[in-house]
Amino acid sequence: MTSAIQVQGLHKSFGRTVALDGLDLEVTTGEIHGFLGPNGAGKSTTLRILLGLLRSDGGDATLLGGDPWREVEALHRRLAYVPGDVALWPNLTGGEAIDVLARLRGGVDEKRRASMIERFDLDPTKKGRSYSKGNRQKVALVAALSSDVELLLLDEPTSGLDPLMEAVFREVVHEFREAGGTVLLSSHILSEVEQVCDRVSIIREGRNVESGTLTQLRRLSRTTVRATLAHPVGAAQVESLPGVADVTVSGDHVACTVGSDYLGRLLELLGAHGITALTSAPPTLEELFMEQYRRASAVAP
Amino acid sequence: MTTVAPAPSPTARPAPRAAGAGLTGTLSLLRLAARRDRVLVPVSAFGLAAFAALSAQATFALFPDLRSAQESMAPTLANPALVAMYGPISSLGIDSIATFKSVLLGGVFLALLAYVVVRRHTRTEEEAGRLELLGAGVVGRRATLAAAVLLGTAAVLLTVVLTVGWSIGVGLDPAGSVALGVCWLVIGLSWVGVTAVAAQLTSSTRGTAGWSLGALAVAFLVRAVGDTAAADSPARFLSWLSPLGWGVKVSAFGENRYWVAALGIALYAVLVAVAFSLLERRDLGAGVLPSRAGHDRSRIGTAGALTRRLARGTFVGWLVAYVVLGVVLGSIAGSVETFIDSPEVADMLRALGGEAGSVTDLYFSTELHFAAIGASALSIALVTRMYTEETTTRAEAVLATPVRRVAWALGHVAVAVVASALVLLVSATVAGLVHGADAGDVGGTVTRLAGAALSTLPAVWVALAVALLLYGALPRFTGLAWAALIVFLLLGEFGDLLDLPGWLVDLSPFTHLPALPGGTLTWMPLVALTAFAVAVGAAGLAALRRRDFG
Ligand SMILES: Nc1ncnc2c1ncn2[C@@H]1O[C@H](COP(=O)(O)OP(=O)(O)OP(=O)(O)O)[C@@H](O)[C@H]1O
Ligand SMILES: [Mg+2]
């Protein structure tokens with residue numbers, strides 16, 4: 001497997017603000033990679049370095065096998081970028097902007113252009129200044145998808161899109177991946193990440209906190225288990241199990257949290273006491289991310 | 001205009017603390033705006049006051065014994081070339097001569113200040129989307145416009161008060177000084193009103209600039225035609241149709257017509273009222289003039305073509321203005337010679353401008369140098385668009401395609417170089433055609449004037465290169481390019497008068513231009529200016545290449 005993007009120990013400061021502090025990121029060719037982190041974590045900065053707009057202060061970044069700062073011309077032919085807050089030229093129509101950007105990138109794929117405009121339900125004859133926020137976003141998405149590229153760098157591309165258009169976006173990104181493309185998607189919308197991303201990287205304060213598939217990340221988190229038992233169990237007995245915490249026992253009720261790897265042992269114990277009712281709630285994505293965002297660095301359970 | 005449904009009552013809009021007039025928050029906005037402009041407004045007001053007072057003081061120093069000009073000077077000062085530029089002299093008193101150049105020019109600068117302040121706090125804010133934030137808070141619908149108008153008005157008043165005080169302080173006639181204040185008040189307030197309306201008409205900052213500055217140019221030309229018309233010509237009335245003409249009609253240090261203030265205040269009141277009523281009829285972010293649907297396809301395929309397309313509107317506007325300028329310059333030229341037949345007068349004109357050649361040549365070379373300063377403004381405007389493109393992140397979209405940063409910048413430079421050369425050349429050619437037809441030598445006149453126009457280009461390039469260097473190396477200070485151009489203009493206009501040291505005056509590239517037509521063409525300064533411009537420009541590009549973008 002080859003890497004479309006490889007970033008190691010990337011540093012970037014703006015005056016006294018440290019935006020990136022030794023960031024690592026690896027995006028495999030052919031995957032949709034979610035790029036997550038709280039506000040100000042350094043996601044946009046990373047993307048702008050990958051675009052050759054910013055110059056890193058240290059570390060390595062390789063994009064499609066090239067140096068993003070030096071090989072702007074060759075690399076940019078093979079990628080498209082959509083920012084989270086699209087600005088259009090007030091006097092050009094959306095259709096004109098789409099053509100200009102796609103042609104600068106090397107050419108318009110007429111069929112894709114027409115189908116994207118239709119699917120995103122975009123009126124391309126309006127002047128840039130008269131588009132709403134979501135429609136400006138659509139113009140940039142259509143422009144990015146109307147040329148033939150291998151990599152999409154998307155920085156919160158769906159901000160302002162209505163749910164219908166978000167669904168279209170997910171479809172389109174999937175198709176792009178099916179056709180062999182690679183996507184780096186920075187996003188705050190967890191349902192979007194959950195539905196489209198193969199792998200995710202979470203960063204915080206300019207450093208990588210965690211990366212892997214969502215299943216892998218879920219395993220790092222704890223499941224809540226509640227049970228009603230035929231024969232009450234002692235709290236100490238439950239607590240003595242590895243990977244179990246937050247135990248409360250009241251009468252025949254027991255509640256606790258457990259690391260995914262230790263769920264089996266816990267159930268064995270509870271089973272021995274005759275389970276009459278059991279609920280187990282895997283962490284929601286929200287809980288998962290909240291935990292990661294808050295943590296300074298990854299701590300294995 | 002079609003009938004419009006009764007304006008929605010401002011209280012009908014969600015305003016947390018519904019104040020009847022939709023003016024809630026005006027004061028806090030005003031305070032915020034004043035804070036943002038705490039350098040711009042006082043410095044400009046002080047600069048303008050200094051401009052009037054110090055240049056007058058310098059004139060007194062130049063002619064210590066002169067209480068009034070000799071009769072022989074009258075024709076010089078009535079020379080249409082000067083009248084077109086500075087307005088007619090109000091009297092032959094020393095005070096009039098001492099303020100001859102600063103009355104109208106200062107008024108125009110004040111109009112520019114009023115325009116900048118009002119536009120900054122209406123359209124620019126709205127375009128940047130900040131207004132929506134403000135609008136959603138405890139701010140009434142009319143508060144932003146009200147705050148902008150108040151701040152613009154305050155800026156004008158501050159300038160006027162400082163100027164009157166300082167003028168009296170340096171020994172100008174008090175009554176005349178007050179009249180000078182009235183003149184500036186009329187012009188300044190008019191442009192507060194004009195800009196307030198312009199900001200409602202269009203839906204972009206650039207559109208507002210076009211309407212407001214276009215109105216200023218038209219007002220200037222209308223009064224130039226009116227002021228230079230023959231005494232019995234009905235065209236003289238034109239001056240009364242222009243707020244700049246009113247300023248001139250105040251006749252500071254001459255007849256001191258204070259009552260003209262009423263015209264200015266009335267226009268101001270009407271325009272502000274119109275602006276507020278337009279505000280009621282439009283949506284936030286939109287203009288009253290609708291923005292039309294356009295083509296859905298474009299054939300633009302290079303960054304250079306995109307830059308040219310984006311510059312088109314500005315260029316066409318300037319081209320029209322410069323064609324008109326050429327017509328005005330060419331038609332006035334015929335009468336220059338008849339006004340000035342005494343050698344002393346010619347000497348005097350020489351002292352004000354060029355160095356040799358016929359009086360008509362002197363006239364043309366002086367005016368072409370002014371036109372070159374204007375063309376420099378165009379080239380700065382076009383080159384500094386890069387900064388606007390960068391801060392709005394539109395440039396980012398282009399630079400995320402295989403377009404190299406330096407190539408993108410060179411595209412802007414090329415557009416600026418070609419556009420400024422073209423407007424100058426066209427203006428000189430038109431002037432040559434008009435004057436040549438009068439003088440009976442079309443071919444020769446056109447060639448001489450076109451050549452003279454071309455000889456000013458190296459100075460234009462220096463101004464452009466300064467802007468490019470600022471943008472490349474210190475993007476946040478790109479706006480200083482305008483300050484540099486104004487300094488160049490003032491050094492050329494007032495350097496001699498204020499007896500500034502030669503090295504200081506020489507900082508302006510325009511002082512190194514040969515006085516063409518008529519003078520001798522020396523290549524050295526032109527080559528040196530060009531080489532300097534290339535070096536400075538290259539340094540700017542090199543800095544741009546290395547720095548963070550956006
Ligand atoms: N041009 C700049 N000048 C100064 N500081 C900057 C600049 N750009 C980014 N920063 C700072 O760098 C840090 C990282 O910003 P960045 O925009 O990369 O965050 P982000 O992860 O994209 O956040 P968000 O989710 O809000 O988009 C922030 O602290 C930000 O304030
Ligand atoms: Mg961001």
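I count two strands as paired if DSSP finds at least two bridges between them. Helices (H or I, at least four residues) and strands (E, at least two) are DSSP runs, numbered from the N terminus.

**Entry 1: ground rules**

I am working with a predicted model, where local features need pLDDT of at least 70, side-chain atom pairs count only at pLDDT 80 or more, and totals for chains, interfaces and linings use all residues. Residues are numbered from 1 along each chain as its sequence is written, chains are lettered from A and ligands numbered from 1 in the order in which they are written, and side-chain values use heavy atoms, with hydrogens and water left out.

**Entry 2: the six-stranded sheet**

I began with the sheet of six strands in chain A, which is open, has mixed pairing and runs in the order β5-β6-β7-β3-β8-β9. Its edge strands are β5 and β9 of chain A, each pairing on one side only. For angles I use axes, which are lines fitted to C-alpha atoms (for helices over the stretch in contact), and angles run from 0 to 180 degrees between N-to-C directions. Neighbouring strands here are turned by 15 degrees against each other on average, direction ignored.

I then checked two of the pairings. Strand β3 (residues 32-36) of chain A and β8(A) run parallel, with four bridges between them; A:H33 has A:R199 as its bridge partner in β8(A). Helix α6 (residues 163-178) of chain A packs on this sheet and touches β3, β6 (151-155) and β7 (182-186) of chain A, where contact means heavy atoms within 4.5 Å. The direction of α6 makes about 145 degrees with that of β7(A).

Strands β8 (residues 199-204) and β9 (residues 207-212) of chain A are antiparallel and joined by five bridges. Opposite A:I203 I found A:N208 in β9(A).

Which residue takes a positive phi in the hairpin of β8(A) and β9(A)? It is A:E205, with phi near 50 degrees, and the hairpin has two residues between the strands. A:E205 is not a glycine, and I place A:E205 in the loop between β8 and β9 of chain A. I noted this because most residues other than glycine have a negative phi, and most peptide bonds are trans.

On the peptide side, B:L516 and B:P517 are joined by a cis bond with omega of about 0 degrees. B:P517 sits in the loop between α22 (502-505) and α23 (523-546) of chain B.

**Entry 3: the four-stranded sheet**

Chain A also has an open antiparallel sheet of four strands, in the order β11-β12-β10-β13. At its edges are β11 (244-250) and β13 (275-281) of chain A, each pairing on one side only. Strand β10 (residues 222-229) of chain A is joined to β13(A) by six bridges, running antiparallel, and A:A227 has A:L278 as its bridge partner in β13(A).

**Entry 4: where chain A meets chain B**

How many residues does each chain give to the contact? Chain A gives 41 and chain B gives 38. The buried area (accessible area, 1.4 Å probe, that two parts lose on being put together, summed over both) is about 3300 Å², and carbon and sulfur atoms give 53% of it. In chain A, A:L53, A:W89 and A:L104 lose the most area to chain B, together 21% of what that side buries.

I find five salt bridges across this interface (side-chain nitrogen of Lys or Arg within 4 Å of a carboxyl oxygen of Asp or Glu). One joins A:K12 to B:D548 at 2.6 Å, N to O. Among the elements that give two or more residues to the chain A side are β1 (3-14), α3 (94-105) and α4 (110-119) of chain A. The largest share, eight residues, comes from α3(A).

Over all chains, the search finds 23 salt bridges.

Lastly I looked up A:W69, in the loop between β4 and α2 of chain A. Leaving aside neighbours within four places in sequence, A:W69 is in contact with residues including A:L53, B:R405 and B:R545.
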